[in-house]
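Hi,

Here is the structure I promised to pass on to you. Have a look at it first, and then read on for my notes.

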Amino acid sequence: MMGQSEYLEVFIDESQEHLQTLNDHLMQLEKAPEDISIVGEIFRSAHTLKGMGATMGFEDLAHLTHNLENVLDLIRHEQMSVTSHVMDVVFESVDDLEEMITDIAGGGDGSRDVNETVQKLEALQNKDQEKAAASETAAAAVDSPQKPMQEQTAVQESYDEYERTVLKQSYEQGYNPYKIEITLDEQTMLKAARVYMIFDVLEQVGDIIKSTPPADDLEDENFEFSFVITVISSVEQEELKQRVLKVSEITNVSVEVVNVEEPVPEAESTSPSNAEEPAESAPAKKDEQKESAKSDKSEKHSGGSKKGSELNKTIRVNIDRLDVLMNLFEELVIDRGRLEQISSELNNNELSETVERMSRISGDLQEIILNMRMMPVDQVFNRFPRMVRSLSKELGKNVNLEISGAETELDRTIIDEIGDPLVHLIRNSIDHGIEQPDVREAAGKPAQGNVHLSAYHSGNNVFIEIEDDGNGIDKEKVIKKSLENGVVNEEDLEKMNDQQIFGLMFASGFSTAQEITDISGRGVGLDVVRNTFETLGGNITVNSVYGEGSLFSVQLPLTLSIIDVMLVEIGKEKYGVPLTAIVETAIVNKNEVYSAHAQKVIDFRGNVIPLVFLNEIFEVPDRESAKGNEYYSLVIVSKGDKIAGLVVDSLIGQHDVVLKSLGSYLSNVFAISGATILGDGQVALILDSNALIK
Amino acid sequence: MAVETADGYVKVIVFQLKDEEYAIEVNDVQSIEKMQTVTRIPGVEPYIIGVMNLRGIITPVLDLRKRFGLESRDYDEATRILVLKRDNSDIGFIVDGANDVMDIAASNIEPTPEVVGGVAEEYLRGVVKLEDRLFTLLHIDKILNKPEEKQRSGM
């Protein structure tokens, strides 16, 4: 084991991928139990897992997959039908596999008591072996006609109208059209090379009109051992055969003269519309055969993960390295800021040109690095179908999970963090939202509940929404509970709109579950969920119509670390306002400011917007400089449809900065989301304008 | 308890605060910095002076005099920032001056007497007597605990 540690990482990565493939395809299979091609995919993943597990010395894993494979094999050969019970056992064993892989990833030895699951799998096999024995004759009967048919199709060749014309013309010009079927030795290592040699030989004596499978497939070795080539040549049939046979590793060559008149013998006797049929059905069969040849082949090569043509040109890079790259780049951004500042002070043309160029290049670099860290949310979403399945079984509910926008990309750091809170929200929707089937029917809804998980981009944000058509949230209950738990007092409550009231559910110590179930309501409530999203610079809102369903909407920033800010000065302090929150900046005369309910407001493009005096909120000292000024500098910020004007002393300008956290010791500083290091080495705080808008 | 060297000694950094000498274990200290620009953070406890840029890392800075409720004084040439290693982020303590690094025998550490120079007893781990010097060993975790923490998060 020790010497294999370097392979361990690869093993874990790949196993997780295969497990995911297993899960995905099993879910598909459950929806379409008759689609045997899916079983092939599942079988391949299981097979690879078994191989890898055995190589790495994880006996239990190999043992379990071996049995799983046996069951899958039976299904694949249609000796076992896909029942709900079979699926349950298969899912159970995949769960076991997951546990083992998780254990291994966590430094364990991956051992696990798999006896129970193995016995269940064996029971499945035995039961079906009896059945299989009984239906063996039937199966054989089904099998037998298939085989000769396949052999026949291998010799068959069909020509479209154009090819027939070519053949006919060359025949008229004195050439002979030949159809040559060539079978390579099964031991042949370099099939493509043999194909090439055969083509070469034939081209010396004639022209190749057609090959089946097509030349591309032959070159890619996408065929088993035999293929058909049609040539026109002036040489005799026997000579052609001898020439081909000179190429080694060929077991059989048969040459036939193509009857150029014959291909449509029936066409002339029947209606012309039927003429197409034999030509069409034959290639269809060919395709089938090709398909099976292909899948057989990739099965043999199941170490390679996908079919050759789909291989992406990617490399695996440890995420730590990307993090280091990102950190280094952040340093660079800070120095870039410093350089820009120096060059503007020195006012030297060559220097400023060079700095400008460098800034542009590092801007491009920044985009690439950030993009490199982007991953589709599918990484998180893909485990939910399984979860929903088992959860709804457990709760006796009928739930359909719909996923859209899984290709939406987010920074890797964010992806890593949002899994657990999303799990929590989905569990919440199913546990508390979706009702039991009979309750749903009584309420006039379809028995099957729907949970729609969607992700989409909007500006510099990504939204993830979880919508269910369940019971919705009982506002009265939320109010009662919040009052009971002292989350809110009646006075504040009166001023709240529905959304704010629902928002109370995210306060700590809140749970509306009537009974404590195993699924949610274990105390770690929605407050933890909200906290996680907020630490990531996002937020969560909920809306609900009682009786009809609820919608949880999570807003997340595209990326965490480098943001565009407007730097502002208040007294001698500098603050950054994220550009994403800014509507615009403005300068207003002090006499344009009115008072309404002891709140300073301005009339801004026909809207009355409140002013927020940052110097008061932040208790900024030393503000003599700003006192004599008769204008206010404003940064107008928005939060959803609400806007406010932040009053500052002066606007410095727009900067790309690296957002850094204040650290755990300073978590929860009001209206400050982090800090950044400016070009001169000073620390500037970044505002969280959302906290300033009420 | 203290991390002791093989022969029962504890390595400490001795620093000045008002008229007294205090000690922190060397293992807890990341570096000692001269006073530098600190950016104020609004709305936090008064003893949290702000954050500084410590070689690219945003580091919170605490004034230990304020933390202990001693009267403040202006920072000068002797003022130092002791940067302490914490699990997830470093924290700087402003002290009047860093005096010494020394090994003290574990046997020289005595339990805290009832009252020591006005610093509340809970922050102290023991008192060291060494010839003519006397200094107090501090309890880092206690100093970092915000007493108001619970009330604040309950808001």
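Before the notes, one convention: helices here are DSSP runs of H or I with at least four residues, and they are numbered from the N terminus. Please also keep in mind that this is a predicted model.

With that numbering, helix α2 of chain A covers residues 36-56, and H47(A) lies in it. Is H47(A) buried or exposed? A residue counts as buried if 20 or more other C-beta atoms lie within 10 Å of its own. H47(A) has 20 such neighbours, so it is classed as buried.

Along the chain, G571(A) is 50 residues away from P621(A), yet their C-alpha atoms are separated by 6.8 Å.

Now for chain A as a whole. Its 694 residues include 25 helices and 22 strands, and 31% of the residues count as buried. If you take the contacts in chain A with a separation of 6 or more, 68% of them link residues 24 or more positions apart.

Confidence is worth a look before you go further. Chain A has a mean pLDDT of 78, with 83% of its residues at 70 or more. Residues 263-309 of chain A have pLDDT below 50, and this stretch has 31 contacts in the model beyond near neighbours in sequence. Residues 512-523 of chain A also stay under 50, and for them the model has 20 contacts beyond four places in sequence.

Finally, the interface. How many residues of chain B are in contact with chain A? There are 17, and they meet 21 residues of chain A. On the chain B side, β4 (48-54) and β5 (57-63) each supply at least two residues. β4(B) gives the most to this side, with 3 residues. Sorted by class, the side of chain B that touches chain A has 9 nonpolar, 7 polar and 1 charged residues.

Over to you, and happy browsing!

Best wishes

Definitions and conventions
Residues are numbered from 1 along each chain as its sequence is written. Chains are lettered from A and ligands numbered from 1 in the order in which they are written. This is a predicted model: local features need pLDDT of at least 70, side-chain atom pairs count only at pLDDT 80 or more; totals for chains, interfaces and linings use all residues. Two residues are in contact if their C-beta atoms, placed from the backbone, lie within 7 Å. Ala, Val, Leu, Ile, Met, Phe, Trp, Tyr, Cys and Pro count as nonpolar, Asp, Glu, Lys and Arg as charged, and the others, Gly among them, as polar. A residue is buried if 20 or more other C-beta atoms lie within 10 Å of its own, exposed if 12 or fewer, and partly exposed in between; C-beta atoms are placed from the backbone. pLDDT is the predictor's confidence in each residue, from 0 to 100.
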